[in-house]
Structures are given as structure tokens and as C-alpha cells.
Amino acid sequence: MSRMLHQACTSFLAGKNATIDGNPVIARNEDNGVAIWPKRVVVHVADEPRNLNFISKGNQFRTTLPEKAYHYTAVPDTDPSAGFYEESGINAKNVAMSATESAYANSRVLGVDPLVADGIAEDAMLTVVLPYIDSAKAGVQRLGHLVEINGAAESNGILFGDTNEVWYMEIVSGHHWVAQRIPDDAYAVVANQLAIQDIDFDRPQEFMTSTNIRQFVQSHHLNPDGNRFNSRHIFGTATATDSHYNTPRVWYGHKLFTPSAFENPTDQELPFIQHAEKKISLPEIANFLGSHYQETPYDPLGNGTDTERHQFRAVGLSRTQNSHILQLRRDVVPMLAGIVWQCFGNPAFNPYVPFYAQGDQLAANYAADNSDYQGENPYWASKLLDVLSEAHYHENRQLIDNFLGATQAIGYQRLQAGDAIPTPNSASLGSLNVETAATYANAIQAQAGKLVQANAALSDLSFTMDANL
């Protein structure tokens, strides 16, 4: 396999009052430049042995880590040669982090504050931030400090959540950043653009920024709007590529959750903060993360013209490696609050498996080395479903939809079982996670078998025999 950068993700965030169960959510598809790049899921115990002098394998970014670290989950690359890329997880304080949403600053900005070759980058972010924070806001502050001191190697968006708040942070130049708290009754969809719009510096509980960012913008004449501080206009891009690769995904998310908005898929001014017309459920978030413009002419698997079907980049892709929905539940004891809904591969065809983040393990097969194909490994089993499901998609659509619906129901059943544990601890939740993994492994293998049988019957290499022969 050739090495490709992690890139081109799609993110979703929702405040606690925007969801049907009253719980904050952050979610993202981690996409790669290739269809196969194995991922694992691991649990880091509190204060595990580690070198406090952190050096990134990717670009030699260096920092000194705090002595104390919290337990946390992560989804690293199986091959760590270019960096850990731990990507997503929840720590012992029920703080969730997902990093990153790749984005791009404009040439005006990078001309005066270029990216730093050995600054902090995606491969290191979760590893040097999540184990050391006790709130979503603290995550923004810690990462922001690292950007200001060490510089950033990339323009990125980073998602943070806890049981009370959800924050979205954007690194907009080599040393500057902005962040906005998602209102409790709102949601946001982000797709590879700098998305945050107007910053209100008089509302520090809703917005955070790097030191002296206003002076930086003013002194270098970067603000095209005069009296307002629209971060997207100042730092971002608005190109033809954005209109076909990025904004359509935001448009489709808004179409699903706010259909009355009547937006245009190539509109460069789609709102960052949006309000849903009804409470948002986890299955609906999963549906969005696996979406490909269903019921529109732009569906690559649909019935539009060849031009229409290839006009826009879909959300769920064959090169989606790790899709996650990180849920911070408010109506349970802290030990049960953090839920990692983990999906490998394209969510259009694969289920989200719920794990308790405070368990001492998710499951051994999720953490196992999976560099080469192994049919029963969760990553490879999901990639097999991708291939089998997309083949003869229309003929097998009902089979796929039934599978996703059934596995969503299983997920809620598994959480009911975990929530019923009288005195939950890391060991008991770890054991339940193992049982959950086994339940889903059986369901995925059964689905693969059904698809093999269905696709075999649809082969072009078949022949109808004359009954008289």
C-alpha cells in the first residue's frame, strides 16, 4: 500500500439540546487518500509509561508532556511510521476529541504567517492533548497554546466535547486559531473548509481566539469586511474546488436536518451554525456520515446523468477508514457517560459499535495488529462489507438497510445492558465491551454471507440452460 495523507474528512457537531436524548455529540469520518489503510482501537491506561519528551515521527514536532495523564481511548494507524494519528477518543474525564478536519488557509494569510514545517500536526494532536484535559474548553486552550508556542504545520479543524459543551476549533495560520462553542440548540456540519464565521470578542464564553489575532489581521490588512470579523472570509478559501468538493456535503447535511433552508449545494456562504427542525438522533447522524446524496441527481450510486453523479464528492467513501460518533451522556453516572460509537469503513454499509469509554478494554481484536488481511478482524471485515455492499447496490439495498437498522437496535440493547450494571467499573465495562464486539462480529459475518449469496446469483458469468439439455 502506498502511503497517503489523512485528508478530506467530514465532521458533525451537536449541542445537548439539539439531540433527541439531550446529550452533546461530536462525530467525524476520517478519510485517507487510499481505500485501505488499517486502523486499530486502543485504550491507554492512566499514567502509562511514556517519554515525556514527545517527538513526532511525522515531522519532528517536539513538546514536553505533563507528568500526569488520564485514561483515554484512541484510534491510531496500525502503521505508526509516519506518526500515531490517534484521531478520536474519550478520556477519563468524559472529554471527547476528534482531530482533524483538514482545511486550507488562503495565500494572503499564509504569506504573512506561514505554516511551520515542524509545528504541531494531525498525527500528534490527540496524543498530546486528550490525555491532559478535563473539559472541552480546556482542550481548545491547550491545543491553542501549542499552536501559538510551537506553530502549526497544517490548517485544521478540531472537535471537542464534554457532557455540557461542544467546541469547534480552527487553526487558521502558522500561529493563529479561532474557536466557537456550538450553541446548545444547534448543530454544525464541516467539510474541509475553514467554517467559523463572525467572531464576537465580547462573548468569551462563546468564542476563543489566539492572542492578538485582531491586531494581526489589522496590521496585515487581511479583513475584507471592514467592521465585522468573519473568520471564514479573513482566513479561508472560496474556490471552484470548494464548490464541488466541500460545500455540497454541508448542503446535504443541512438538507437532512433543516430541509426548509432551501440552500444551494455550491453556495460559499452556507451557515456554520444551523438549527434542526426536529431533535437529532444517533441513527440520523450515522445516516448522514454514510450519505452519498441519496434521493438527489448527485448520488454516485443513483440514477442521475453521468455528469451529475460525478459532480460532487460524497460524505461516506470507500476511503473512509474510521468513522466515529462520540456521545457524552448526561443522564447516567460518570463511569457510563462516554460512549464511543465506532465504525470502520464506509458507514453507508457498516454499523456503529457502541463501547463504554471507561472500560479497561474495547476488545482484543479491535486492538490487534491488522497490517494484512484477516477476515475476522473488525477493520478488514468492515472493508469486506464495503466491497460486497457496493457491488449490486441497488439489488441489495433492502438487505443493506435492514442490516443497518438491526445493528442500530443491537447497539441500544447493548447500552441498556451496560447501564444496568449495579456498580460499573472499568473491568465490568471492559468485559461488556468484549461481549458487544463479539455480538457485532457475528452480525457482520452473517451479513457478509448474505451478500456473497446475493451477489453470486447476480453474476454476469451465468448462463440459462435449455431445460431439454
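**Close-up views of a predicted model**

**View 1. The open sheet.** Six strands form an open sheet in the order E7-E8-E9-E10-E11-E13, with antiparallel pairing (strands are DSSP runs of E, at least two residues, numbered from the N terminus; two strands pair if DSSP finds at least two bridges between them). The edge strands, E7 (88-90) and E13 (207-209), each pair on one side only. The model is predicted: local features need pLDDT of at least 70, side-chain atom pairs count only at pLDDT 80 or more, and totals for chains, interfaces and linings use all residues. Residues are numbered from 1 along each chain as its sequence is written, and side-chain values use heavy atoms, leaving out hydrogens and water.

**View 2. Strands E8 and E9.** E8 (residues 96-102) and E9 (residues 156-161) pair in the antiparallel sense over 6 bridges. Ala-99 has Ile-158 in E9 as its bridge partner.

**View 3. Helices H11 and H12.** H11 (residues 397-419) and H12 (residues 426-457) pack at about 170°, their axes 11 Å apart (helices are DSSP runs of H or I, at least four residues; axes are lines fitted to C-alpha atoms over the stretch in contact, and angles run from 0 to 180 degrees between N-to-C directions; contact means heavy atoms within 4.5 Å). H11 and H12 are therefore roughly antiparallel (angles over 145 degrees). Residues that meet include Phe-403 and Ile-410 in H11, and Tyr-440 and Ile-444 in H12.

**View 4. Helix H3 on the sheet.** H3 (residues 136-150) lies across E9, E10, E11 (177-181) and E13. The helix H3 runs at about 10° to E10.

Technical notes:
Angles under 35 degrees count as roughly parallel, over 145 as roughly antiparallel, 65 to 115 as roughly perpendicular and the rest as oblique.
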